[in-house]
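Here is a friendly tour of a few local features, written for someone who likes to check geometry. Please keep the viewer open while you read.

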Amino acid sequence: MDPVAWLLGLGSLLVFGVIVVHLLAALVLIIPTWRICTRAGFSGALSLFHLVPLIGPFIVMGVLAFSDWPSGEAPSGKR
Amino acid sequence: MGVEILGLLGLSSVFGLIGLVLAGWMAWRIVEKAGLPGWAGLGAILLTLTGIGTIVPLILLWVFAFMRWPRDEMVGAAPGASSPASPAALPPPPAALADRRAWRLSGLSAGGPVALSMDGTQPTYVLTGAAAQQANELSVPDPTVGQPHARLFVSGGRLGLEDLGTPGGTRIDGARLLPEHGPRDISAARVIHVGTVELALSRP
């Protein structure tokens, strides 16, 4: 077998595997984050930022942490 | 070569540390907004530094998403509680006042200018080609207008129209209205045709 074709095939398989693992890992984060976002009053679709590698989770957390929750927050005195 | 690798590792460590501090700070704020102590969020993030890695913070994320938040109890608490009320705990704003402006239909028929007013004193009005004999009859003197031709409904701030099946026909903004369509909301319509008479709908 042509070694170049073999390497290309192996590389494609590896890329595919990485994408699948990334999607599964993102899904494990997206499900609870979707619920947190909807409970906070945001669109659940905000949790899809978890699909963005590296900075995605920071974007979701940043929105949840630094913006006012439309459905209300615990009063400051009770924190 | 070794220096470059060490530098790269050092840079990665710096970015990792910044990310960790940022994530811990944000987790603290998020958990606080839900009514839980902030250190719980920070602790969950710091757990990633330990040997148990990401599994426990991941489990805590799921627990946090589906647990009962103290914020929900505060929001549901009766007004007048000692703690300051959150925006969601405030009573809803009063409902908007009903729009009582009259509807106007104006145009030109074979019998002359037509100016009809529906001020809502009657729940229904009847459009007819004959002379109006009752309080709820609106006359459009024209041979193409049936006797009666159509029925108008005034409800709240909305106006409905129902064709009564006359040969002249009824159109709403050019679209044919048939008797089987029943009453249609024409509040947003601009022009009504009864027979060949064009009536402009307005609300001064």
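In chain B, strand β1 (residues 103–109) and strand β2 (residues 112–118) pair in the antiparallel sense over 7 bridges. Two strands are said to pair if DSSP finds at least two bridges between them. Strands here are DSSP runs of E with at least two residues, helices are runs of H or I with at least four, and both are numbered from the N terminus. β1(B) and β2(B) form a hairpin, with 2 residues between them. Within this pairing, Leu108(B) stands opposite Pro113(B) in β2(B).

A word on conventions. This is a predicted model, in which local features need pLDDT of at least 70 and side-chain atom pairs count only at pLDDT 80 or more, while totals for chains, interfaces and linings use all residues. Residues are numbered from 1 along each chain as its sequence is written, and chains are lettered from A and ligands numbered from 1 in the order in which they are written.

Now to chain A. Which residues of α2(A) are buried? They are Val60(A), Met61(A), Leu64(A) and Ala65(A), where buried calls for 20 or more other C-beta atoms within 10 Å of a residue's own, exposed for 12 or fewer, and partly exposed lies in between, with C-beta atoms placed from the backbone. These residues sit on the same side of α2(A), because they cover an arc of only 125° around the axis; the arc is that of the directions from the helix axis to the C-beta atoms.

Thr33(A), in helix α1 of chain A, counts as buried because it has 25 C-beta neighbours inside 10 Å. Leaving aside residues up to four places away in sequence, Thr33(A) touches Ser47(A), His50(A) and Val60(A); contact means C-beta atoms, placed from the backbone, within 7 Å. Thr33(A) and Met61(A) are 28 residues apart along the chain, and their C-alpha atoms are separated by 9.3 Å.

Some backbone angles deserve a look too. Most residues other than glycine have a negative phi, and most peptide bonds are trans.

Leu54(A) is exposed, with 8 other C-beta atoms within 10 Å. Asp173(B) counts as exposed with 12 C-beta neighbours inside 10 Å.

Finally, the peptide bond from Gln147(B) to Pro148(B) is cis, with omega near 10°. Pro148(B) lies in the loop between β4 (137–139) and β5 (150–155) of chain B.

Technical notes. Contact = placed C-beta atoms within 7 Å.
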